[in-house]
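Let's walk through this protein together, starting with the whole chain and then turning to a sheet and some charged pairs. Please keep the sequence and the model side by side as you read.

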Amino acid sequence: MVISRFRNSFLSLVTKVHELSQEPYTRPDLAAKIQIKLVSQIKYVEQRIRLSKAAVATDESAWEKVEQYRRALALFRMIGDCIAFLYIDRWDVKPLAYGHNAGFISGKDGLAEELKTLRLASSRNIPCLLADLTNVLKHGDLYAFSEDRPPAIIELKSRSAQKDRRTKRQMERLQNLSEFLNTDFSSKHYKYGNPTYRIGWSDNPTYYTREARALLSKGIETGFAVQEIEPGLCYAVVRPHRLYEFDPRITGMHNPVASLLNEGVLSLDVFPYYPLLLSIPDPENVFRLFTWEILFLVLVDIDRIRTFYEERNIGFEFLYDDDEDYVVALSFPAGTTQLDSDLPVQVSRYFFRRISYEFLSLRNWLEQSVKTAEQWTLSRHKRMASNPALHPVSDGHG
């Protein structure tokens, strides 16, 4: 497996990231050093991708190597993601992650200027991050961080490029994003082009990272470890050859939906979830997931979800189609004057998968989905009454 070749360099960089996590704002020099090393590693992987693509002309099996090297590229960019999440709140990263995927940095005209700016900012004690070194930052070239405000998103352009239409569109998008992060509202949604209102989390969410970390260690040691984290939520860590032994019914689940972390964390369509390398600060154990030495499954019981909503007299539909953006559609009881709605409130699949990829409490998720739906439905009624042309989209911190 190609990824195994990068084990030592990967673990070395992750160790430095955890060192940076202790004092991120006092070590901009370390943040810069990690990125300069990342540039070197990413350029090498990009070169291997180009060579593998060239080999396809005479050997179609070379496509497999292309895909493996692309996953290695995602792996190194995950280190850049860790730096991003050290400085940006996890709930603020999502709107920054919708846009065009980064191209190769090798051969990029502006890379030298970006690195020059990175070094200059570091010398002035300003932590910065190059967006192209991440999977999740799809806007701007450089991010400058401060403890007192959202990140400054910088687009580095030559004087001649500053006047072209593409640059103007980019600057407009950055302005919309800054508006969204500062005010929780944007007149131009980052994805759909509708007015967007961001609804905050009502209480402090609960994450089971400690339990996930302990179970991963146990599963690596014993080859098979299962734990019911809370009713309707189960974690399982097993070696591939023992997967046949696992039966969801041993935890009382008859209608589970399973997520395999191994697939999600190195997917070529990476979503802006909190990085596994920060949730579980055992890089060698996490690396075993990347090489499929061990499997980590998160199971959610749909029957438990259905019971939760039915007890509150809320209509519920679960969408099993992975192609849908939304996983749950909620409808409030007819005749409830404040909450009665002609349209169901849809809860995004992205938000649902936070339960698996961020080890979020299922109970927390269910309670928050109702609170967000209620807030959004009430605000929608008020907005529609004042202006029927409005069809706002709720981000709901999802």
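The paragraphs below move from overall figures to strands, and then to salt bridges.

A word on the ground rules comes first. This is a predicted model, in which local features need pLDDT of at least 70 and side-chain atom pairs count only at pLDDT 80 or more, while totals for chains, interfaces and linings use all residues. Residues are numbered from 1 along each chain as its sequence is written, and side-chain values use heavy atoms, with hydrogens and water left out.

Taken as a whole, the protein has 14 helices and 13 strands; these are DSSP runs numbered from the N terminus, with helices being H or I of at least four residues and strands E of at least two. Of its 398 residues, 51% count as buried, where buried means under 20% relative accessible area, exposed means over 50%, and partly exposed lies in between (1.4 Å probe, protein chains only). The accessible surface comes to about 19300 Å², and 46% of that belongs to carbon and sulfur atoms; such areas come from the Shrake-Rupley method with a 1.4 Å probe, and for residues only the protein chains shown count as cover. Among contacts with a separation of 6 or more, 68% are between residues 24 or more positions apart, a contact being heavy atoms within 4.5 Å.

In which order do the three strands of the open sheet lie? The order is 10-11-12, with antiparallel pairing; two strands pair if DSSP finds at least two bridges between them. Strand 10 (315–318) and strand 12 (345–348) are the edges, each pairing on one side only. From one strand to the next, the twist averages 20 degrees. Here axes are lines fitted to C-alpha atoms, for helices over the stretch in contact, and angles run from 0 to 180 degrees between N-to-C directions.

Look next at how strand 10 meets strand 11 (residues 326–331): they pair in the antiparallel sense over four bridges. In strand 11, V328 is the bridge partner of F318, and S331 is that of G315. Helix 11 (residues 302–311) packs on the sheet and touches strand 10 and strand 11, its direction making about 160 degrees with that of strand 10.

On to the charged pairs. The structure holds 16 salt bridges, each defined as a side-chain nitrogen of Lys or Arg within 4 Å of a carboxyl oxygen of Asp or Glu. One of them joins the side chains of R7 and E284 at 3.1 Å, N to O. Because R7 lies in helix 1 (residues 7–22) and E284 in helix 10 (residues 283–290), this pair ties together parts that are 277 residues apart in sequence. R7 is partly exposed at 32% relative accessible area, and E284 is partly exposed too, at 42%.

What about K108? Its salt bridge partner is E114, with the closest N and O atoms 2.7 Å apart. K108 is partly exposed at 26%, whereas E114 is buried at 2%. Salt bridges that share partners join K108, E114, D132 and D141 into one network. Finally, R354 forms a salt bridge with E358, the closest N and O atoms being 2.9 Å apart, and both residues are buried.
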